[in-house]
Amino acid sequence: MKRNFFFSLLLFSTILAFSQEGASTVGERPYEISESAVSRKSTFDFMNIDKWQIVSPTNCDVELTRTSEQIATVPFSGKIEYETKQQEASFFVSLKEPISLDEAWDCLDIWTFGDHWLWGEPASHTAMQAYAVVEDSYKRRHEVNLVQSGYAGMVHKYWMLNHVKFPQSFSPNAKFLGIKFKGNNTDVGVKHNLYLSSGYLYKEELSPLTFKPFPNELPFPLRKETILPSNFSEYQNKTVQTKNSFQLSYKGKDGELTYAIDKSNPLGDIVVLWNNKTVQTINNRKLILADNSELSIIPAITKIQNDTIWFNANILWQKENIPLDFFYTVRQKSLIIGIEQKGNEGFIKEIHSGEIHSTDNYKVVVPFLKYNNSDRPTILVNSNLFTFIIYDFYYTHASSFSVGNPNAKIPFSGGKTIYVSKTDGKRNPVRDKLFITVSPNVQEVLPTIDNPPSPMRSMQADRLWAINGGSDLDKLGRFVSDLRNRGVEKVSIRYHEDFWREGGESYTFRLTPNPQLGIKKIQDYIQFVKSNDWRVGLYTNYTDMATVNSLFDPDWIKQGSSGEWEVSWSRCYSPKPQIAWEQEAILAPQIGKLYNTNHSYCDVHTAVAPSTRVDYDYRVPDAGMMRGVINRYGMLLMNERKAYGGPVYSEGGNHWWYAGLVDGNYANDDLEQLPVFPDFQLLKIHPLQMDAGNRGKDYAYIAYTFAYGNIGILSEGIDAIRRYAFLQPVQDEYVMRNVKSIEYADVKGVLFNSSQAVIKKILEKPRLKIVYETGLEMFINFNEKEWDLTINNDKIKLPQFGFYVYNPKKKLLSSSFLANKTSKRLDKVVSPELLYINTHGENSNENLGGRGEYLLKKEKFGWEIIPFSKETEFNFSLSLLGFESAYSVQLRVLNDTGSIIELRELLVSDNKVQFTHDNNENYKYRLAIVE
């Protein structure tokens, strides 16, 4: 790739080696960059502070001095000390003699060092915004934010190169005046420091780029039908024409569905009939052209070929006839509409799928199914039918999908695709496929995610996920040891950015670790974690790149449609997805080999919507296409599991697009504010990957995790052990296992299928019964009212967030219910290798009983008994541990260091072990059977 990095260092691509450790260094660029090391001389700096002045301070005290406290490219920087008197304040760092250039210019780059982070204190919203101030040749003043896209403001307590692409090119007569700082909600009465270093004014000249060829054939989607939903009835499809319309129909045991479309207009209304009765009309379908004009009527030539209707049209655009083809076909209960423009340059800005106007309907939000955060497609419920409309993200050439912002009077909109122009001003030619699905079964309108399932189920399904941060290895090690000593065995843990950075330096696209730690310490620590039977991975991501990183190159940064760079995170820009894919393939195998990790956490990729990472740089393949992001991030994530020989997880939140291409994510969504409606997760996402529950606290956490079929995430202390006890023994029975049925109970306890539950509007706080093909059954109560159940002739009462999860074919139970005698919670887990009980202060005389809270865990050497508090009374049958008879048991009493402090023998009565834990030095007990 040809680089034009005017300030870049002599990069460390084959960089130095740690002689004592034998590792290549790909990491941080040194602070002091001499002018001889850059390919363009700076336009200005702060070596001579007398060239600068503070002008027009408003509601603040400001001082500008020269300093070497923080330096970037030259030995001295400009230090700004300010203290605001009101929340709204400003000041101007002005050149005494404005700068004019001998040639036109349209870019400014300047090194800045901020005073806030995006996280923590002081809050990032109190940071100053910084603006480049320019006077053009007509004496007009322009103020342009140094951050044009992304997280604006001085929210980087580290050096960052701010890049400004001005909306217009300035002539040589224009003047650069300085940098203005403005705040609307500042941290009043607190002194803050900012630093400024070298700046560069220049005319951007983009050279052609070359990239590693991206594969033409990908391992996804798996089939030509792509997102076509499931259909549970036998059926026939047929296409016929009448005098005025084409009829595309479905006929099955569950009913007859017909889509009637206008013969003369490919954008005409679509009339939907169920059992020969009109139930709805989809209208206001249109194209928005690049000049913002609208097209809703297009004359076209029609023909039927292989049950597909083709409309061939020509659109007059800029005195040229542009071919535009439409097709309509029906598959199962889905009407599929295609549109494709011939030629190399697109002229269509938006495609609107249409609207449904009806009074007898409502919309249902689907957890985890969204285009971008709050931009969510919904299911329309109308006449006991369900309608869902979605574009095919495997097929599209669009920049983004959006539900849009329909008029409040419009009950339902299928959304639109949006085509944004690239940096050369051209749009991609339209290529889209729309699926409209109507069914009496709500599960039949959910789109299929046509990706291969994770191959890592056997490695991760029975494990919980753990997250830890910081660089104190002793503290981090205690977290592992403490939990492992209390029976928490099957865990995959990942460590955060701190293993890569000491402060604010770059933390991605590097091999060199935090200098506080060094490679050897991290290698030894990872081996220690593995020795505790845990999997271990390090933090990586290929979505954020710091400008101080030794590999940084402006040609690697994705561009917005105006050529701007996106600040993807504090002090970082978003790399091109193409570069992310290329560099991950280089760096990930080296990281895996160097640190010997056995799984991966690849942050951010699934947290952001693909549309937010589209690269509009016309020089890159698939520029301006959301699908290009999905393809590259998907291939990157699949390669992560190959590089580390284990599961790869990502941040989640917008993860449904990547299900199966990644092995799991944090199951991030606003579940507490959404209907309890797990069908899309359980039927479409869950079979492909192992997401980790990330919503709710205490019992609510377990309830949400079970309901959505997720693995657990460890918390801290006893709560972490409880999560492990409830979830780990049963995870393998449901994680990535096929769901047999999902039912919802109303407040009377009557069970309904998913479609009935949606129609009856009982999704807000339902009771769920979920049955898996393994035989596992889940009963989960989200309602404040108790749920009375009869299970195997036992009367079970579930409080809110109570659950009863069991497999009647196996000795497997995870439960939290109300004890019949006391009406207090009784928590009980029974499995072949782990048993847990919490009586919440009451006595229990069952096979697993006693008083208090304790765990029985089968280890390699035998069973351990682990109390959670003093004055625990143990009372359990040895038959639960696989021993049908015993004369006595021997207890080895261990302290918290693992030393045996006492040997104790107990007689066994009725094959039960009974004793009291009342000594604080007794950390746990090891059990040996005397027959």
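Analyst: α4 (577-595) and α5 (626-644) each supply at least two residues of the lining of the second largest cavity. Helices here are DSSP runs of H or I with at least four residues, strands are runs of E with at least two, and both are numbered from the N terminus. The model is a predicted one, in which local features need pLDDT of at least 70, side-chain atom pairs count only at pLDDT 80 or more, and totals for chains, interfaces and linings use all residues. Residues are numbered from 1 along each chain as its sequence is written, and side-chain values use heavy atoms, with hydrogens and water left out.

The second largest cavity holds about 80 Å³ of space. On a 1 Å grid over the protein atoms alone, a cavity is a set of points where a 1.4 Å probe fits but cannot get out; a pocket is an open set with protein on both sides within 12 Å along at least five of seven lines; and lining residues have an atom within 4 Å of a point. Grid points are joined across faces, edges and corners, and a volume is the space filled by probe spheres set on the points. Among the residues lining the second largest cavity are K576, P577, Q578, D615, M625 and R632. α5 gives the most to this lining, with three residues. By class, the lining of the second largest cavity has six nonpolar, two polar and four charged residues. Here Ala, Val, Leu, Ile, Met, Phe, Trp, Tyr, Cys and Pro count as nonpolar, Asp, Glu, Lys and Arg as charged, and the others, Gly among them, as polar.

Consider α4 itself. Because 14 of its 19 residues are buried, α4 is largely enclosed by the rest of the structure. Buried means under 20% relative accessible area, exposed over 50%, and partly exposed in between, with a 1.4 Å probe and protein chains only. Just after α4, N596 takes a positive phi of about 60°.

β34, β36 and β35 form an open sheet of three strands in the order β34-β36-β35, with antiparallel pairing. β34 (545-546) and β35 (567-569) stand at the edges, each with a single partner strand, so one side of each is left without a neighbour in the sheet. Two strands pair if DSSP finds at least two bridges between them, and β35 pairs with β36 (residues 572-573) over two bridges. W569 has C572 in β36 as its bridge partner.

W569 also belongs to a pocket. The second largest pocket has a volume of about 450 Å³. Its lining has 24 residues, and those closest to its centre are Y151, W569, V604, V608 and E651. This lining comprises ten nonpolar, seven polar and seven charged residues.
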